[in-house]
Structure formats: structure tokens, C-alpha cells
Amino acid sequence: MQYYENIVKKRNSCRGFSTKKVPDEVIADVRAYYDNDESVLVEGIRTELKFYGSDIHELLKQHVGYNGICIKAPGYFVLYSDKAGHFLENAGYIAQGITLKMTEHGLALCWMTINDAAAVKKALGEDNGMEVACVVAFGYRDPKNDEKKAPKLTIDELCLGKDYRTDIDVSHFDHELEDSLRAAAHSQSFLNLQPYRLLVDNNNVCLVGLPSEMTNEYDTYLNYGIVMFNFYAVMWSLRPSAPRWSFDPPETDLRLPEDVKYVAKIRF
Ligand SMILES: Cc1cc2nc3c(=O)[nH]c(=O)nc-3n(C[C@H](O)[C@H](O)[C@H](O)COP(=O)(O)O)c2cc1C
């Protein structure tokens, strides 16, 4: 409950930062989290986390941000990844862990849409053989910034029952499941579209993706990684050992419409 209430629920995107510098100790603590404690979705995919200062805004502004706007911030983190199966979901999952770790430190953040990953990498002069998978602006929120919380799906809107044509049955929910679903429902997504649903059947949850013409391929998979992390992180905060998401096929027929795609499942 604490992790959901204090971290996941409190987070909302920031598009107006103060110029206050983020202390080196905070960056060091976030790096230590990434190096030692970070949970991954797919084992064996090499990633690299890099922090940059406000000076890269000029380099990034042509290539990241929707509506042609790259948010100005005192810092940015970029997560690089090897290209492998599910690397974007994995990167979204890892970067969401970093986002929430930074939220714990009182920082505000905003994910940035990558319009041209190769151009971002070239502009940053990186030659590590990996893809630019996530770009996130961070810093302290400007006290004059009164950005409102984005409305989120409720559990009833996000969740369905054992298949896509069955309504959710909340009668067997325990508080751990309920908090984890609430955390999933609170996930950030490109344009706040939340183009996915969770099918909840006793101890199984399946994530399925809805069609979304506005969401590009990168953001589609990053969105999935984010929602999977939020669910996992809250479950993990409430249980000594939390289960992991798997991309294995579902065990039952989810009766999905043709344009709805199965993504992953978790059993707890
Ligand atoms: C993959 C992804 C890409 C995003 N790209 C941008 C962006 O380019 N510009 C922006 O202002 N916000 C961007 N956002 C932030 C979303 O608009 C924001 O998360 C959403 O509106 C929900 O608001 P919240 O984060 O306050 O919950 C992005 C979010 C995600 C997850």
C-alpha cells in the first residue's frame, strides 16, 4: 500500500522544471539502483544507462518529443539497449524502475517520444553499438508549475475477466492484487491513451494491447514495459517474492478480437 500510495500514485509527468541542479549523490543512488537492484523483464539483454545535463536539449530537440516539443529539463537519462526480442518492453520496464526510484528522491520526470532513435544516438555522439530505447527528462518541478494529474482508467475500465468477452469479477480480489492493478491503471503512456487491457482470472493476469493509430511502435512497447513494471513493483512491495511476467503464450483462449494482441502474462 505504501509503495503504491507514496510513489506510484504520487508520480505525474512534469513539463515545467526549476533550474535547480540534481545533486550528484542522488544520481549516484539511482545509478546504484540500476547497477545492483534493478529488476529486468527479459534476462540477458545488455543495457546501458547514461545521464546527461541540460545542454543536450539543443541536440535532442529535433528528434524527441511529441508535437515537435522537447521538454527543457536540467537533466535527461537515456537507456540504451541491444536489439533483441522484446528489448523495448524490457527497456520500458527498466526505465520505469528508474523513474519510480527518482520519484522516491522527490524528482519529477517526463518520458519523451523518440521520433528518430538513430538521429538521437548520432546527435549524442554515442558509439556503444546499442539502440537508444528510452529518453526521459528529469529535475525538480518548478513550484509555479500547476500541471494537473492526468485522468486514469479505473480498475473496472482497465480490467476484464478470464477472456476479452467476460466482465471482471472482483469478488476474489485480495488487497495485493487490487493495489497492483491500481498501480497498473496509474501507469503513464504516450498521450495518456493507455491502449491496453488486463484480463484477470483468479491467479492469472494477461496483458493485451489495443489498436492505437497514434502510438508509434516504440511507444507501444515502452507502454507495455511501464504497465508491467508498475504491476510487478507493487506486488513485489507487498509480497516476499513476486512472480515475473512471461511472454509465453496464454494457457486458455482469451477470445481476443482480431485487432487486440496478446502481450504477456503473470501468474501469482
Ligand atoms: C512512451 C511515452 C512517450 C511519451 N512522450 C511524451 C512526449 O514526447 N512529450 C510529453 O510532453 N509527454 C510525453 N509522455 C508523457 C505522457 O504524455 C504522460 O505520461 C501521460 O499524459 C500521462 O500523464 P502522467 O504521466 O502524468 O500520468 C510520454 C509518455 C510515455 C510513456
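The centres of domain 1 and domain 2, taken over C-alpha atoms, are separated by 23 Å in this model, which is a predicted one. The domain assignment of the chain places domain 1 at residues 2–139 and domain 2 at residues 155–267. Where the two meet, 32 residues of domain 1 are in contact with 26 residues of domain 2. The size of an interface is often given as the accessible area lost when the parts come together. Between domain 1 and domain 2 this buried area is about 2,500 Å², and carbon and sulfur atoms give 66% of it.

From here one can turn to helix 2, which covers residues 24–37 and has 14 residues. From its first C-alpha to its last, helix 2 reaches 19 Å, close to the 20 Å expected at 1.5 Å a residue. Its buried residues are V26, I27, V30, Y33 and Y34, and, when one looks down the axis of helix 2, these buried residues fall within an arc of 115°, so they line one face of the helix. The spacing along the sequence can be read with a general rule in mind: an α-helix has 3.6 residues a turn, so residues three or four places apart point the same way. D24, E25 and N36, by contrast, are exposed on the other side of helix 2. The partners against which the buried residues of helix 2 pack are strand 1 (47–53), strand 2 (75–81), helix 4 (87–104), strand 4 (131–139) and helix 8 (217–238).

Helix 8, one of those partners, has 22 residues and reaches 33 Å from its first C-alpha to its last, close to the 32 Å expected at 1.5 Å a residue. At the start of helix 8, a side-chain oxygen of N216 reaches to within 3.1 Å of the backbone nitrogen of Y218.

H57 has its place in helix 3, which covers residues 57–60, and at 10% relative accessibility H57 counts as buried. The side chain of H57 reaches the backbone oxygen of C70 at 2.8 Å, and, leaving aside neighbours within four places in sequence, H57 is in contact with C70, I71, K72 and Y76.

S189 lies in the loop between helix 7 (175–185) and strand 6 (196–201). A polar atom of the side chain of S189 lies 3.3 Å from the backbone nitrogen of L193. When residues up to four places away in sequence are not counted, S189 touches Q194, Y196 and N223.

C206, finally, lies in strand 7, which covers residues 204–209, and it counts as buried at 8% relative accessibility. C206 and P250 are 44 residues apart along the chain, and their C-alpha atoms are separated by 7.6 Å. Not counting residues up to four places away in sequence, C206 touches R197, L198, L199, L254, Y262, A264 and K265.

Note on methods
Residues are numbered from 1 along each chain as its sequence is written. This is a predicted model: local features need pLDDT of at least 70, side-chain atom pairs count only at pLDDT 80 or more; totals for chains, interfaces and linings use all residues. Side-chain values use heavy atoms; hydrogens and water are left out. Helices (H or I, at least four residues) and strands (E, at least two) are DSSP runs, numbered from the N terminus. The expected span of a helix is 1.5 Å times one less than its number of residues. Buried means under 20% relative accessible area, exposed over 50%, partly exposed in between (1.4 Å probe, protein chains only). The arc is that of the directions from the helix axis to the C-beta atoms. Contact means heavy atoms within 4.5 Å. A polar contact is a pair of N or O atoms within 3.5 Å; within protein, one must be able to donate a hydrogen and the other to accept it, and residues adjacent in sequence count only if both atoms are side-chain atoms. Domain bounds come from an automatic or database domain assignment. Buried area is the accessible area (1.4 Å probe) that two parts lose on being put together, summed over both.
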